[in-house]
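Subject: Structure handover, side-chain contacts

Hello,

Here is the structure you asked about. My notes on its charged and aromatic side chains follow below.

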Amino acid sequence: MKTVRFGTFLYTTILLACSTYAQNLDSLKLKLNAEGNITEQISILKQMGEWYLNKRDTSAIPYFEKLIELGDQSNDLLLKAYSYYRLGVYWYQANDINRSSGLYFKGLEFTLDSPEFMEIRAKLYNAIGWNFTMLNKYESALKYFQLAENSDRLGNDLQLKGLILNNKGVAYKNLGDYDSALLVFQESLALNKTLRDQRQVRFNLNNIGNVLMELKRFKESRKYLKEALTLNKKAGDTVEIINSLLNLSLIDIREGAFSVAKTQLITALNLARDNNFLDQQRRIYFSLTKVSELTKKYEAAFLYEKEYHKLTDSLYRAEGLDHVLELEAKYHDMAKERDLREVREYITEQRFYLLM
């Protein structure tokens, strides 16, 4: 194999790793076709589904759907809850919050109030809470994070606990309860450092820096955010690199360093575009609009704001569809209990009062 020098033979390593993954995947596919044992089939389907999910590949979907089918056949409620949860994660990654949330709630339907369901229930509550965070419904988000925390207390997944605490801190921060947010983030950071979970440590550092910024403790905030950025770059975590740059730019905006802030935001925007991170693009456009307004670049501000609203509509206006469908379902329920004409008269009357 021809080697291109990139770092310390990093390019060669990447090619070898990809080749190994492809070989393992082919091997699993052959094994799945030949396997008659349902337990072994489930194990293989999970491995393949998770592999494609990690790649954000639509090929993950049929594997989790097959697992749901097997869960139906064997009445395995835990398997069905897990499969709906992972399908929800796929659609979350595809920026479809409504479909994702529907799958999470569907997964909850198959959980029971017994110890073996505590972990998956905590994961589902946590995921639903995060979707509400994305929709700016922070009180609802906090409610589900607390449910997740309560569910996880019976389990031993400390890594999950660290994640739930971090997300709970985000909810407190967004609700403006900065003292509670800081306490929860610090608790999560201590736990994640004990577990040596560097990924979640990076989340914590970024979030603590963000809260300190809101408290106008800019020097401390910058220290945490720079540490997070260094670790994110080392890990090659593009999502968190963007978050760190975005948060650092917010400090610069508050301190009047608009040129520095804009440079960081443009760097973050290019990364978000290259990776199709739509929500992050939306937030960056919001900050670019603010910088442009503060520097009296009103034409640029208009263009940035236009992109911000376009992405906001694209990502979150669809939640209205869920409300419409919910109303439609309630309408049909009413129609079963009452005469159809009575229902129509009721709706007409309500419209009249709304117009008044």
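A residue counts as buried under 20% relative accessible area, as exposed over 50%, and as partly exposed in between. Lys310, at 48% relative accessibility, is therefore partly exposed. Please keep in mind that this is a predicted model.

Salt bridges

Side chains of opposite charge can pair when their charged atoms come close. The count here is 16 salt bridges.

Lys310 is in one of them: its partner is Glu307, with the closest N and O atoms 3.4 Å apart. Both residues belong to helix α15 (residues 298–316), where they are 3 residues apart, about one turn of the helix. Glu307 is partly exposed as well, at 27% relative accessibility.

Glu220 and Arg217 also form a salt bridge, at 2.9 Å from N to O. Glu220 is partly exposed at 35% relative accessibility, and Arg217 is partly exposed with a relative accessible area of 35%.

Asp113 and Arg121 are joined by a salt bridge whose closest N and O atoms are 3.9 Å apart. Asp113 is exposed, at 71% relative accessible area, whereas Arg121 is buried, at 13%.

Salt bridges also link Arg222, Asp252 and Glu255 into a network.

Aromatic pairs

A pair of aromatic rings is described by the distance of the centres and the angle of the planes. There are 11 aromatic pairs in the model. One of them is Trp51 with Tyr52, an edge-to-face pair at 5.2 Å centre to centre and 85° between the planes. Trp51 is partly exposed, with a relative accessible area of 24%, while Tyr52 is buried at 9% relative accessibility.

Phe64 and Tyr82 have ring centres 6.1 Å apart and planes at 70°, so this pair is edge-to-face. The pair links distant parts of the chain, 18 residues apart: Phe64 lies in helix α3 (residues 60–74) and Tyr82 in helix α4 (residues 77–93). Phe64 is buried, with a relative accessible area of 0%, and Tyr82 is buried at 15% relative accessibility.

Phe105, Tyr125, Phe132 and Tyr144 are linked into a cluster by ring pairs.

Charges over rings

Tyr82 comes up again here: Lys46 lies over the face of its ring, at 4.8 Å from the ring centre. Arg99 has its charged end over the ring of Trp91, 4.0 Å from the centre of that ring.

Regards

Terms used: Residues are numbered from 1 along each chain as its sequence is written. This is a predicted model: local features need pLDDT of at least 70, side-chain atom pairs count only at pLDDT 80 or more; totals for chains, interfaces and linings use all residues. Side-chain values use heavy atoms; hydrogens and water are left out. A salt bridge is a side-chain nitrogen of Lys or Arg within 4 Å of a carboxyl oxygen of Asp or Glu. Buried means under 20% relative accessible area, exposed over 50%, partly exposed in between (1.4 Å probe, protein chains only). Helices (H or I, at least four residues) and strands (E, at least two) are DSSP runs, numbered from the N terminus. Rings of Phe, Tyr and Trp (its six-membered ring) pair if their centres lie within 6.5 Å; planes under 30 degrees apart count as stacked, over 60 as edge-to-face and the rest as tilted. A charge sits over a ring if NZ of Lys or CZ of Arg is within 6 Å of the ring centre and within 35 degrees of the ring normal.
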